Amino acid sequence: ALKLLIDCLHTEVKQNSGEVKGDWKPLVFILTDGAPTDNWQQFADELKAKRPGNIIAVACGDGADTSTLKTITDTVLEMKNMSPNDFSAFFKWVTHTIKHTAVSCGVDAVAAAQGVALPPPPPGIVIVP
């Protein structure tokens, strides 16, 4: 999945240039309820090194491995309860986050390196330090 994400970001997101206006910097959410079962480390390293988008990883439930997610991105959330109401609140927060973090690709290299500033998550979702 991480390799596919890298490929899609590379082929589908236009960068700013003197001739072409770029796309907005993608805001990518990776949700998992476990740990990887394949050869993922090189793709995690590539994502973290290149920062092709703002990546937010979400550990869903008790079985999700937050330490693995931290190797992909510094922005990791933990959502232990996965009731319909919790997911509804989560996706409302995602919509709010998208509205407040939209940054054009290639506009500010310093801001891109610092990552995304998240609004406070809803109750039941914790930002992993």
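Q: Where does Thr75 lie?
A: This is a predicted model. In it, Thr75 lies in the loop that runs between α3 (66–70) and β3 (76–79).

Q: Is Thr75 buried or exposed?
A: Thr75 has a relative accessibility of 16%. The cut-off for buried is under 20%, so Thr75 counts as buried.

Q: And which residues is Thr75 in contact with, leaving aside its neighbours within four places in sequence?
A: Thr75 is in contact with Ile55, Ile56, Ala57 and Leu118.

Q: Let us step back. How many helices and strands are there in the protein chain?
A: The protein chain has 5 helices and 4 strands. Along the sequence they follow the pattern α-β-α-β-α-β-α-α-β.

Q: What share of the residues in the protein chain is buried?
A: Of the 129 residues, 36% are buried. The chain exposes about 7700 Å², and 57% of that is supplied by carbon and sulfur atoms.

Q: What about contacts with a separation of 6 or more: what share comes from residues 24 or more positions apart?
A: Such residues account for 69% of those contacts in the protein chain.

Q: Now to helix α2. Which of its residues are buried?
A: Helix α2 covers residues 41–50, and its buried residues are Phe43, Ala44 and Leu47. Seen down the axis of α2, these buried residues fall within an arc of 105°, so they line one face of the helix.

Q: Why would residues a few places apart point the same way?
A: An α-helix has 3.6 residues a turn, so residues three or four places apart point the same way.

Q: Which residues are exposed on the other side of α2?
A: Ala49 and Lys50 are exposed there. Just after α2 comes Arg51, which takes a positive phi of about 45°.

Q: What do the buried residues of α2 pack against?
A: They pack against α1 (2–12) and β2 (54–60).

Q: How do α1 and α2 cross?
A: Their axes come within 9 Å and cross at roughly 35°. The crossing of α1 past α2 is left-handed. On the α1 side, Leu2, Lys3, Leu5, Ile6 and Leu9 make the contact, and on the α2 side Phe43, Ala44, Glu46 and Leu47 do.

Q: A change of topic: how many aromatic pairs does the structure hold?
A: The structure holds 5 aromatic pairs. One of them is formed by Phe29 and Trp93, which are edge-to-face, with 6.3 Å centre to centre and 80° between the planes.

Q: Which parts does that pair tie together?
A: Phe29 lies in strand β1 (residues 27–32) and Trp93 in helix α4 (residues 84–101), so the pair ties together parts that are 64 residues apart in sequence. Trp93 is buried, with a relative accessible area of 5%.

Q: What about Phe90 and Phe91, how is their pair arranged?
A: Phe90 and Phe91 also form an edge-to-face aromatic pair, with 5.0 Å centre to centre and 75° between the planes.

Q: Are those two residues buried or exposed?
A: Phe90 is buried, with a relative accessible area of 0%. Phe91 is partly exposed, with a relative accessible area of 43%.

Q: Which residues form the aromatic cluster?
A: Phe29, Phe87, Phe90, Phe91 and Trp93 form one aromatic cluster.

Methods. Residues are numbered from 1 along each chain as its sequence is written. This is a predicted model: local features need pLDDT of at least 70, side-chain atom pairs count only at pLDDT 80 or more; totals for chains, interfaces and linings use all residues. Side-chain values use heavy atoms; hydrogens and water are left out. Rings of Phe, Tyr and Trp (its six-membered ring) pair if their centres lie within 6.5 Å; planes under 30 degrees apart count as stacked, over 60 as edge-to-face and the rest as tilted. Helices (H or I, at least four residues) and strands (E, at least two) are DSSP runs, numbered from the N terminus. Buried means under 20% relative accessible area, exposed over 50%, partly exposed in between (1.4 Å probe, protein chains only). The arc is that of the directions from the helix axis to the C-beta atoms. Contact means heavy atoms within 4.5 Å. Accessible areas come from the Shrake-Rupley method with a 1.4 Å probe; for residues, only the protein chains shown count as cover. Axes are lines fitted to C-alpha atoms, for helices over the stretch in contact, and angles run from 0 to 180 degrees between N-to-C directions. A crossing is left-handed if the near helix is turned anticlockwise from the far one by less than a right angle, and right-handed if clockwise.
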